Number of protein chains: 2
Amino acid sequence: MKLLVTGGAGYVGSVNAARLIESGHEVVVLDDLSTGHADAVPDGARFVRGDIDDVIGTVLAEGFDGVLHFAAKSLVGESMVDPAKYWQGNVVTSLRLLDAMREHGTPRLVFSSTAATYGEPEEVPISETAPTRPTNTYGASKLAIDHAITSYAAAHGLAAVSLRYFNVAGAHGSIGERHAVETHLIPLVLQVALGQREQIQIFGEDWPTEDGTCVRDYIHVTDLADAHLLALEHATAGEHRIYNLGNGTGFSVKQVIDTCREVTGHAIPAAIAPRRAGDPAVLVASSERARTELGWKPERADLTGIVRDAWEFTRSRQEA
Amino acid sequence: MKLLVTGGAGYVGSVNAARLIESGHEVVVLDDLSTGHADAVPDGARFVRGDIDDVIGTVLAEGFDGVLHFAAKSLVGESMVDPAKYWQGNVVTSLRLLDAMREHGTPRLVFSSTAATYGEPEEVPISETAPTRPTNTYGASKLAIDHAITSYAAAHGLAAVSLRYFNVAGAHGSIGERHAVETHLIPLVLQVALGQREQIQIFGEDWPTEDGTCVRDYIHVTDLADAHLLALEHATAGEHRIYNLGNGTGFSVKQVIDTCREVTGHAIPAAIAPRRAGDPAVLVASSERARTELGWKPERADLTGIVRDAWEFTRSRQEA
């Protein structure tokens, strides 16, 4: 298939672009490089630098079999202080994409949604039938896009799949996580291992979990890319399917730090800080539906492997 | 207060504008007349004809204490076949309003949300904590606006209230319901009474309700306007409060038709048709929170009174 990958110079987008190329697809990456890196666009992909808002019509006019839509504003904290940036950059821009796809007859869409659409869960693991009560603007903006996709699928025959996941981690070959503002646990802990940060903060050790620290879901970025490939194959005209992607049981903050200590051989000092407002104790997705309907299962669910890949990538960047 | 009423030439918007003027407020109506009627703008209101997208900045620049936002695309059926019209006309336009309010320091917003944000209820009556799973694009677009308002209230100190209701009915003085495409039960039944339609269709009489027909919530438009006045008074900077407005128990389709027969003295032929896909048996809102926090209660909850006011308005239009 000839596929457009928006945000394909970002971490998740570039790994997906690479995986699509490995699977024999023709890939065009569209990215404005506002947060992505031109050197992350994989070999074999054609790169178009530009804003969706400006160029999507021109790009799609050449004819595509599908779009994988990763381009987004995705900093939760920023979304709370500058909501307009998220409503415009995520929702309005995605509406423009949907209209352009309709205009140019692009039949398939795989959308990078988020488990943040659910908000604080009533039950864990979180299934796709859980209520959607986003607690931040990032999650609310992605939920609005999901609803828009549902309506375009029903009205215009779009074949669409949304994938909802929490924390993506690890690296795929030479492509790993590089954020200007790092907010993710594993990269932060590895920065401590490298001596770039003094210590890692643990926000509360009195949570109702086995070791008292918060439990979160981590997916290896390669497993995630495999889910996108399967989603593309299973997308059905006129339907919008939504799948949660999770690793099953989740890992606690202490487990993550201990695994990073093992993998890196560094002491990694940690300090206990107070709980943060709005942090649920456990956020783990059920991926039962993805297993059953897409035949997906995480092949790299082992935390040590995820951390090892992240660490190798981090060190290689360090040496480069 | 000096207040802007968007959509103030429509049914609900014009009644609200009239009620605000009766309560001593200064009112400017903004309406593009795409579905509204210039002659519905009440005496005492200044009328600006225009699109929010084009003129909202200019209008708000003169300084307002608040906005009551009624302007919307609101045909459920149309929203399913032309979703772009609803994502643009409701969501994108409301984002423009929010940005303009922020730019010009307009402190208060009362938004006309809808019980359609909830979709098919798990429990009736529907409370504000019910999951929001809209089953049509109209409801989804209003839900996205509610989420956007929440984010602007938290980030920028907006004082905001959303009111969610099902079926507004009745008339306020000389202002009543006039839709180019009539989809509401009471006006349709009254059209049969007037001989403009041959019969009224009842979609299913085998529902699990007392008389087998669907039960819906009807609020007198004057009661609704009173809730908007109270919302305006109770709006608090930095908070976005959401209230359902309902009449308590709801009325069945057969009850509505029977009441219309009594009030009009016409036979009003009815025919049983199959159930419509997506129609829930009972849709009734709990307005407990509005009663407790706003001190609102419907003073005109009696169905006969609602129908009588609607009938007087309909006949007066007929004679005019």
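Contact here means heavy atoms within 4.5 Å. Helices (H or I, at least four residues) and strands (E, at least two) are DSSP runs numbered from the N terminus.

## Basis

This is a predicted model, in which local features need pLDDT of at least 70 and side-chain atom pairs count only at pLDDT 80 or more, while totals for chains, interfaces and linings use all residues. Residues are numbered from 1 along each chain as its sequence is written, chains are lettered from A and ligands numbered from 1 in the order in which they are written, and side-chain values use heavy atoms, without hydrogens and water.

## The sheet of chain A

In chain A, seven strands make an open, parallel sheet in the order β3-β2-β1-β4-β5-β6-β11; strands pair if DSSP finds at least two bridges between them. At its edges, β3 (46-49) and β11 (240-245) of chain A each pair on one side only. From one strand to the next, the twist averages 15°; angles run from 0 to 180 degrees between N-to-C directions, with axes fitted to C-alpha atoms, for helices over the stretch in contact.

Helix α7 (residues 221-234) of chain A lies across β1, β4, β5, β6 (159-165) and β11 of chain A, at about 160° to β6(A).

## The sheet of chain B

An open sheet of mixed pairing has three strands of chain B in the order β12-β9-β14. Strands β12 (251-252) and β14 (282-283) of chain B each have a single partner strand, so one side of each lacks a neighbour in the sheet. Strand β9 (residues 215-216) of chain B is antiparallel to β12(B), with two bridges; B:Arg216 has B:Phe251 in β12(B) as its bridge partner.
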